[in-house]
Amino acid sequence: MSEKYDVVVIGSGPAGYVAAIRAAQLGLKTACIEKWKNDKGDGVNGGTCLNVGCIPSKALLDSSYKYHEAKEDLAVHGIKAGSVTIDVAAMLERKNKIINQLTGGIAGLFKANGVTALYGSGKLLAGKKVELTDHDGVVTTLDADNVILASGSSPIAIPVAPVDGELILDSTGALEIGSVPKRLGVIGAGVIGLELGSVWNRMGSEVVLLEAMQDFLAIMDKAIAKETKKILTKQGLDIRLGARVTATQINGKKVEVTYQSSDGSEHKETFDKLIVCVGRRAYTDGLLADDSGVQLDERGTVYVDEQCATNAPGVYAIGDIVRGPMLAHKGSEEGVMVAEIIAGHKAQMNYDIVPNVIYTHPEVASVGLSEEEVKAAGEPYNVGVFPFAASGRAMAANDTDGMVKIIAHADTDRILGCHIVGPSAADLVQQVAIAMEFGSSAEDLGMTVFGHPTLSEAVHEAALAVNGGAIHIANRKRR
Ligand code: FAD
Ligand code: AMP
């Protein structure tokens with residue numbers, strides 16, 4: 001007889017493992033199937049986020065930033081550090097240690113919450129049955145009252161730049177480069193391309209980003225995107241827009257890249273390594289039997305409604321395999337929502353307030369609507385901006401690039417969006433996300449007492465500036 005569960009989750013990335021833990025906390029008998037293996041062949045939880053995504057990229061970003069700081073930024077504080085060198089192997093080892101600690105932590109959390117961790121491939125069959133093929137090829141079938149699909153995403157491959165794991169890498173390979181490439185090419189100047197490009201730029205590579213689109217960070221608030229491009233270019237990232245890669249050629253130990261500019265002219269560049277960062281696609285390979293009843297949409301993502309229910313009754317899908325931004329926290333919140341719905345609670349997620357961060361230095365972070373989106377919606381609005389150059393805390397830290405921008409409705413003063421490029425932007429934008437969640441006006445935020453001196457004061461001042469009341473900067477005329 002097959003084992004029966006209230007909930008079977010397929011995939012243990014930040015969407016799946018959070019769903020499994022929440023379901024178990026709510027008293028549901030829960031199993032979570034994961035097919036990822038580490039290099040020792042052991043099953044590991046955590047998905048893209050912990051193994052090859054958010055966490056390892058941040059580990060390398062932090063290490064490379066410290067190296068850069070030690071080399072370039074200490075002198076201004078009067079610190080002489082002598083010659084600073086980097087041990088790339090030690091840096092990668094530190095990253096791997098963090099991965100092991102965190103993925104092991106998920107196994108511990110499963111145990112503590114009573115989630116049954118199963119290792120192998122899960123496939124949804126008809127009638128909410130799940131076929132599990134373990135790493136030894138043994139097949140069993142699980143019966144479930146509810147199934148949550150959370151199989152995540154994988155890097156998009158482009159035929160013009162086939163990943164060989166040697167000279168041409170995807171984002172996963174880019175986290176394992178063992179020595180600093182002299183010249184590094186990056187296809188795609190999106191979030192992942194900018195983060196990985198920054199890591200190696202700080203380490204001394206000459207980094208060229210080739211981006212097909214004419215607009216830089218096209219979906220972001222335009223003023224923030226423009227400021228970001230200026231700052232990153234000043235740091236040495238060579239960002240070429242309207243540059244579509246059309247061919248690559250391996251020549252010995254080098255890779256030659258051909259790209260076309262928007263004026264139609266053709267160009268060639270030679271690199272020691274090339275990273276392909278042209279986005280990610282929903283990963284559903286082997287996930288669904290033909291008669292599972294779950295439908296995909298035209299982009300290959302699993303079709304779901306607002307509450308992540310698929311077409312098949314009792315089957316839900318969350319995280320990168322469904323619509324919406326491919327962000328770990330978006331998937332986790334969907335996981336909590338679905339677990340609560342299954343447990344009979346009322347639950348919904350606010351898709352309008354999902355923060356988005358690029359972990360360059362300075363960080364770029366946003367929540368809510370951009371000025372362009374508000375304008376396109378025809379809503380009247382006011383904007384408040386505060387530059388970090390006017391922040392005492394930023395000055396003390398010698399970290400004054402960037403600004404905070406807050407957009408509020410002109411009639412209600414309700415905050416519609418916040419966009420920041422600057423030090424600790426990820427944490428600062430979260431403050432505004434919380435305010436927005438509580439329906440705050442710019443005036444509410446302006447009336448809140450902020451500690452001094454903090455970077456947060458830049459948020460406070462931007463909120464005050466919305467209605468012309470900033471203290472530490474000349475106010476723009478109100479619209
Ligand atoms: P995943 O994390 O992809 O997990 C899915 C899991 O399902 C995998 O472990 C997979 O092995 C397993 N699986 C798939 N099919 C099956 C099957 N049939 N049976 C069993 N198991 C299966 N997001 C952020 O929010 N912040 C960041 O800073 C950030 N940085 C990133 C940096 C990089 C380099 C990359 C690549 C991504 C980054 N992301 C970031 C995106 C983030 O990693 C994803 O949005 C997130 O991991 C998606 O979570 P998920 O649970 O939907 O899928
Ligand atoms: P993101 O979706 O944020 O990961 O960004 C991926 C980026 O890669 C997008 O901005 C795309 O425009 C870009 N891109 C996709 N294909 C190509 C290509 N052939 N050459 C250059 N850039 C590309």
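Analyst: The C-alpha centres of domain 1 and domain 3 lie 31 Å apart, in a predicted model. The domain assignment, which is automatic or from a database, gives domain 1 as 3-155 + 281-342, domain 2 as 168-278 and domain 3 as 356-466. Between domain 1 and domain 3, 6 residues of the one are in contact with 6 residues of the other, contact being heavy atoms within 4.5 Å. The two domains bury about 530 Å² between them, 64% of it on carbon and sulfur atoms; buried area is the accessible area (1.4 Å probe) that two parts lose on being put together, summed over both.

Residues are numbered from 1 along each chain as its sequence is written, chains are lettered from A and ligands numbered from 1 in the order in which they are written. Local features need pLDDT of at least 70, side-chain atom pairs count only at pLDDT 80 or more, totals for chains, interfaces and linings use all residues, and side-chain values use heavy atoms, with hydrogens and water left out.

Now the helices, which are DSSP runs (H or I, at least four residues) numbered from the N terminus. Helix α3 (residues 54-73) packs on helix α4 (residues 88-113) at about 145 degrees, with the axes 9 Å apart. Axes are lines fitted to C-alpha atoms over the stretch in contact, and angles run from 0 to 180 degrees between N-to-C directions. The crossing of α3 and α4 is right-handed (the near helix is turned clockwise from the far one by less than a right angle; anticlockwise is left-handed). On the α3 side the contact includes Ile-55, Pro-56 and Leu-60, and on the α4 side Met-91, Ile-98 and Leu-102 are among the residues met. Its residues divide into 9 nonpolar, 2 polar and 3 charged, where Ala, Val, Leu, Ile, Met, Phe, Trp, Tyr, Cys and Pro count as nonpolar, Asp, Glu, Lys and Arg as charged, and the others, Gly among them, as polar.

α4 also packs against α1 (residues 14-25), at about 15 degrees with axes 9 Å apart. The two are therefore roughly parallel (angles under 35 degrees), and their crossing is left-handed. Tyr-17, Ala-20, Ile-21, Ala-24 and Gln-25 of α1 meet Ile-106, Leu-109, Phe-110 and Asn-113 of α4. That contact has 7 nonpolar, 2 polar and no charged residues.

α3 packs against helix α6 (residues 191-202) too, at about 30 degrees with axes 8 Å apart. This makes α3 roughly parallel to α6.

Note on methods:
Parallel < 35°, antiparallel > 145°, perpendicular 65-115°, else oblique.
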